[in-house]
Amino acid sequence: MTAPEDLATQAHHTRTTSAGWMIQRLAAEVNQSMKARLAGQGLTLDQFVLLMTLAEGDGITQTEIGAKVRFPGYTVTRALDALSEQGLVERRPDARSRRAHRVVMTAPGQALMQDLFAVVAEVNAGFLAPLDADDRRLFLSLLTRLVEADRSVGMGC
C-alpha cells in the first residue's frame, strides 16, 4: 500500500505537470474575466461566442453554428433566442430547407462587435501580461498548433 505522503507527492506532481489541468485552470480564469466584462454588455459567454462566430461569416444555420463552436443544439438555441430578443441577430428561413433557418447579425449586432473586440483585447492583454512580447508570440503559436492538431487519437489530462 502506498503511504499517504507518497500518494500526496505523486498527486501534486501529476497535477502540477498536467497540461490538461493547467489549461483548464487558465481557461477558468479567462472565462471568469470574460463573463464579468460581458455582463456589462448584457451578454453571456455563450452569446458572445455565437456573435463572434457570426462575425466571421453569418448566414449559417444553427446546426452549423453548433458544429463550429462545439455547443449542443439546446445551448445554441437558447443563446440565439436571447440574442434575437436583444435585436442582435435574426433567424431567416433557409431557401433550401423548410425546417432550417439562417442566422444573420443585425446592424446593432454588428455595431456591438467593435466593443466586443476591445473586450477580448483587454482580457487577453491582462491574461498574457506576465509574459514578455517574445514569450507571448511563442505561447500563442504553440496554442495555435495544439488547437489545429489532429485530435483523432485519444487524449487524456
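## Helix packing and sheet pairing in the predicted model

Thr 63 is exposed, at a relative accessible area of 66%. The model is predicted. Thr 63 belongs to helix α4, which spans residues 62-69. Along the sequence, Thr 63 and Val 76 are 13 residues apart. In space, their C-alpha atoms are 8.3 Å apart.

The strands form an open sheet. Its 3 strands follow the order β1-β3-β2, and the pairing is antiparallel. The edge strands are β1 (60-61) and β2, each of which pairs on one side only. β1 is joined to β3 over 2 bridges, in the antiparallel sense. Within this pair, Thr 61 has Arg 102 of β3 as its bridge partner. On the other pairing, strand β2 (residues 89-94) runs antiparallel to strand β3 (residues 97-105) over 6 bridges. Here Val 89 is bridged to Met 105 of β3. β2 and β3 make up a hairpin, with 2 residues between the strands. In a regular strand, side chains alternate between the two faces of the sheet.

Helix α3 lies across β1, β2 and β3. Its direction is at about 90 degrees to β3.

Helix α3 (residues 45-56) also packs on helix α6 (residues 107-128). The angle between them is about 115 degrees, and their axes are 11 Å apart. Angles of 65 to 115 degrees count as roughly perpendicular, so α3 is roughly perpendicular to α6. The crossing of these two helices is left-handed. On the α3 side, the contact is made by Phe 48, Leu 51, Met 52 and Ala 55. On the α6 side, the contributors are Leu 112, Met 113, Leu 116, Phe 117 and Val 120. By class, this contact of α3 with α6 has 9 nonpolar residues, no polar residues and no charged residues.

Helix α2 (residues 19-39) packs on α6 as well. The axes of α2 and α6 come within 10 Å and cross at roughly 140 degrees. That angle makes α2 oblique to α6. The crossing of α2 past α6 is right-handed. From α2, the contact involves Leu 26, Val 30, Ser 33, Met 34, Arg 37 and Leu 38. From α6, it involves Leu 116, Val 119, Val 120, Glu 122, Val 123 and Phe 127. The contact of α2 with α6 has 9 nonpolar, 1 polar and 2 charged residues.

The loop between α2 and α3 contains Gly 42. Gly 42 is partly exposed, and its relative accessible area is 43%. Not counting residues up to four places away in sequence, Gly 42 touches Gln 47 and Gln 86. Gly 42 and Leu 83 are 41 residues apart along the chain. Their C-alpha atoms are separated by 9.9 Å.

Notes: Residues numbered from 1 in each chain as written. Predicted model: local features only at pLDDT ≥ 70, side-chain atom pairs only at ≥ 80, totals over all residues. Heavy atoms only, no water. Axes fitted to C-alpha atoms, helices over the stretch in contact; angles between N-to-C directions. Helix = DSSP H or I, 4+ residues; strand = E, 2+ residues; numbered from the N terminus. Parallel < 35°, antiparallel > 145°, perpendicular 65-115°, else oblique. Left-handed = near helix turned anticlockwise from the far one by under 90°. Contact = heavy atoms within 4.5 Å. Nonpolar A, V, L, I, M, F, W, Y, C, P; charged D, E, K, R; others polar. Buried < 20%, exposed > 50% of the residue type's maximum accessible area, 1.4 Å probe, protein only. Pairing = 2+ DSSP bridges.
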